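Welcome! Please take a moment with the sequence and the 3D view below, and then we can walk through a few places together.

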Amino acid sequence: MPDDSERTEIHEYLLLNRVFEETVLEVYEDEGIPELPHLSMGQEAVGVGATYALEDDDWLAPSLRTRAVMLMRLSIRDVVTGMYGTASSPTEGRVTEHHLGTSENHILGTTGLVGSHLNVAAGAALSARQLDEDRVTAVFFGDGGATRGEFHTAINYAAVEDLPVVFIIENNQWIEETPASEVIAVEEDISEMAGHDLPKEVIDGQDVDEVIETVSAAADRARRGGGPTLIEAKTYRYRPHAEVIPERRDEAEIEEWKERDPVEVHRERLLDAGVADEEWIEETRAELIEEIEAAFEFAKDDPMPEADVMDKVYKDMDVDEDGGVVR
Amino acid sequence: MTEQTVRESINEALAEELERDERVFLYGEDVGDYGGLYQVTAGLQERFGEDRVFDTPLSETTLGGTAVGAALTGTRPIMEIMFGDFLSVIADHLINYAAKMHFNYTDDTSVPMVVRTTYGGGDQFGLHHSQDPIPWFQNVPGLKMVAPSTPSDYKGLLKSAVRDDDPVIFFENKQRYEVTGDVPDEEYTVPLGEADVKRSGEDMTVVAVGGMVDVALEAAESLADRGYDCEVIDPRTVVPLDKETILDSVKKTHALTVVHESATFGGIGGEIAATAADEALFYLDAPVKRVGAPFTPVPFAENLEQEYLPDEEDVETAVVEALEV
Ligand SMILES: Cc1ncc(C[n+]2csc(CCOP(=O)(O)OP(=O)(O)O)c2C)c(N)n1
């Protein structure tokens with residue numbers, strides 16, 4: 001169980017995610033943002049809890065919707081400039097903030113292909129074994145990602161080799177515009193799709209404490225050589241898949257999930273336990289808004305990158321625009 | 001110098017790199033105890049242990065993905081893809097992942113992995129075990145592709161590939177494992193991105209890739225008897241290409257023929273021809289010729305497969321046709 005100061009810290013991360021995305025939505029609706037928002041609102045507890053549970057040198061491989069990884073491991077300004085692709089953005093405008101990689105902050109680079117990072121994450125765990133390093137890799141993916149061959153092959157390999165990896169399904173039950181139940185041939189828990197011999201945990205993804213506890217236990221086991229764990233966190237996104245896509249889901253379904261809002265659940269718990277009061281929460285929220293708005297102001301004034309930043313294709317060879325070796 | 005087969009030279013390169021760098025490991029289907037379908041990794045597991053040389057499931061998806069992940073996080077994986085035809089399975093990891101991560105990272109991180117794979121026809125293995133997949137990947141910035149011809153180049157280039165910080169596909173021609181040649185006894189590497197002039201000549205530049213280098217060299221011998229003096233260039237690294245060596249040669253011979261095993265259409269030969277047209281057109285005194293396979297899958301029947309594969313006669317015909325117009 002986290003102590004009081006940890007609990008307020010966790011709440012701050014939840015608020016950061018929520019307030020950040022509220023701001024993103026507002027700015028996007030007002031004036032647009034170059035990176036099309038794929039908001040995680042409603043499912044923040046999974047990314048926040050898992051990232052919180054892991055060590056700084058554990059690798060995280062986020063899904064396109066695991067905003068928490070980016071917000072907790074990069075600065076707010078990096079995330080915002082990343083969305084604008086400006087000169088000061090973390091990759092100098094080469095790629096969006098969605099799937100960038102950074103070794104310094106142990107975010108494993110991913111791609112725009114949903115689910116292609118599962119074996120890559122297993123590979124990051126394989127390198128920990130090869131180098132005899134005490135680190136764990138956590139990989140996040142949606143129910144859609146779980147329908148790919150990557151899911152089965154990565155879990156099989158990680159399980160048979162006892163690799164230190166934690167697979168986290170953020171099961172928000174919708175795959176873009178298709179309900180998961182229409183395309184996944186299991187009744188209840190989609191983690192059942194993995195018949196492999198590894199521990200499986202199905203948890204309440206709206207409860208950040210449960211996420212932290214489960215991911216910590218899985219990471220501990222992995223660090224001790226106990227191999228991978230598959231965690232299925234049941235959750236829900238409040239917004240459409242991406243902001244250009246009209247909402248097709250039942251309003252009642254969305255409202256039902258909002259009743260178990262992850263930020264609210266945690267807030268009530270803190271208030272009940274007397275760990276924080278309304279005033280602290282409001283102050284924290286106001287500070288975050290200020291910081292986030294400042295980052296947006298900065299990004300909007302930031303110059304665009306120079307063309308030469310594209311010249312980062314090979315590390316070990318000088319190659320011209322036409323693919324020829326430069327001597 | 002010691003005479004070695006290509007198989008031995010690759011095996012030695014792998015052993016030396018495993019010995020040299022703890023971060024290197026070697027894995028794939030059957031590469032461990034069995035020593036690989038083509039026995040290229042024979043004895044390595046025994047020597048370096050199961051931690052460094054090991055078998056994987058029959059899942060190229062796992063191989064492709066884990067190699068990228070392992071390479072991104074501090075190791076230098078060498079994986080074996082049994083047949084180059086199966087590169088299609090890891091195309092996503094090669095094209096969207098390995099090739100793009102250096103670009104996609106905020107820092108200097110790259111993907112130092114080597115994909116060793118076999119390629120080429122001549123064994124009647126049919127349409128899914130005989131292809132030359134080089135053109136599938138030549139349009140992917142970020143990948144390097146190496147296709148050597150001699151045992152010493154195989155060894156020296158593989159060692160460079162393992163030490164290289166970028167992802168390299170290393171193409172091993174199935175017909176060449178038994179080919180012998182002199183290999184230096186002392187430690188050496190052959191740099192990536194440098195073509196080699198395998199035969200010098202005055203009348204025609206023949207650029208030949210991988211298994212086609214010997215075909216071109218033999219054709220050059222017959223052509224010499226007929227009075228045509230060919231220069232044979234082996235790019236060794238196909239992508240990125242050492243255009244300078246090729247263009248310098250074309251400016252000297254004023255003629256160009258390219259030879260590769262994959263289909264003529266859409267092959268690297270077209271790129272080499274286009275480069276000459278772009279940068280050396282007015283040096284050319286003859287039409288540029290491309291020698292490759294017809295635009296069909298690799299056929300099975302012995303006579304059909306032989307018909308399919310480019311051979312000395314095809315090269316000779318092309319060269320003579322070009323020089324006699
Ligand atoms: C391989 C691949 N197929 C399809 C897409 C298009 N696409 C992007 S997100 C998405 C839905 C993903 O659903 P899920 O994996 O459940 O994650 P969620 O969006 O719910 O977080 C689809 C179909 C893609 N980017 N990559």
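At what angle do H1(A) and helix H10 (residues 262–273) of chain A pack, and how far apart are their axes? Keep in mind as you look that this is a predicted model.

## Helix H1 and its partners

The angle between H1(A) and H10(A) is about 150°, and their axes are 10 Å apart. Angles over 145 degrees count as roughly antiparallel, so H1(A) and H10(A) are roughly antiparallel to each other. Their crossing is left-handed.

H1(A) also meets helix H11 of chain A. To find this pair, look for residues 4–31 for H1(A) and residues 278–301 for H11(A). Here the axes come within 9 Å and cross at roughly 45°. That angle makes H1(A) oblique to H11(A). The crossing of H1(A) and H11(A) is right-handed.

## Another helix pair in chain A

Next, find helix H2 (residues 44–53) and helix H8 (residues 208–223), both in chain A. They pack with their axes 8 Å apart, at an angle of about 40°. H2(A) and H8(A) are therefore oblique to each other. As for handedness, H2(A) passes H8(A) in a right-handed crossing.

## Around the ligand

Glu176(A) uses its side chain, with a polar atom 3.1 Å from a nitrogen atom of the ligand. On its own, the ligand has 580 Å² of accessible area, and the protein covers 74% of it.

## Two backbone details

Val239(B) and Pro240(B) are joined by a cis peptide bond, with omega about -15°. Pro240(B) has its place in the loop between strand E12 (237–239) and helix H9 (243–253) of chain B.

Back in chain A, have a look at Asp132(A). This residue is not a glycine, yet its phi is positive, at about 60°. You will find Asp132(A) in the loop that runs between helix H5 (118–131) and strand E2 (137–142) of chain A.

Definitions and conventions: Residues are numbered from 1 along each chain as its sequence is written. Chains are lettered from A and ligands numbered from 1 in the order in which they are written. This is a predicted model: local features need pLDDT of at least 70, side-chain atom pairs count only at pLDDT 80 or more; totals for chains, interfaces and linings use all residues. Side-chain values use heavy atoms; hydrogens and water are left out. A polar contact is a pair of N or O atoms within 3.5 Å; within protein, one must be able to donate a hydrogen and the other to accept it, and residues adjacent in sequence count only if both atoms are side-chain atoms. Accessible areas come from the Shrake-Rupley method with a 1.4 Å probe; for residues, only the protein chains shown count as cover. Axes are lines fitted to C-alpha atoms, for helices over the stretch in contact, and angles run from 0 to 180 degrees between N-to-C directions. Helices (H or I, at least four residues) and strands (E, at least two) are DSSP runs, numbered from the N terminus. Angles under 35 degrees count as roughly parallel, over 145 as roughly antiparallel, 65 to 115 as roughly perpendicular and the rest as oblique. A crossing is left-handed if the near helix is turned anticlockwise from the far one by less than a right angle, and right-handed if clockwise.
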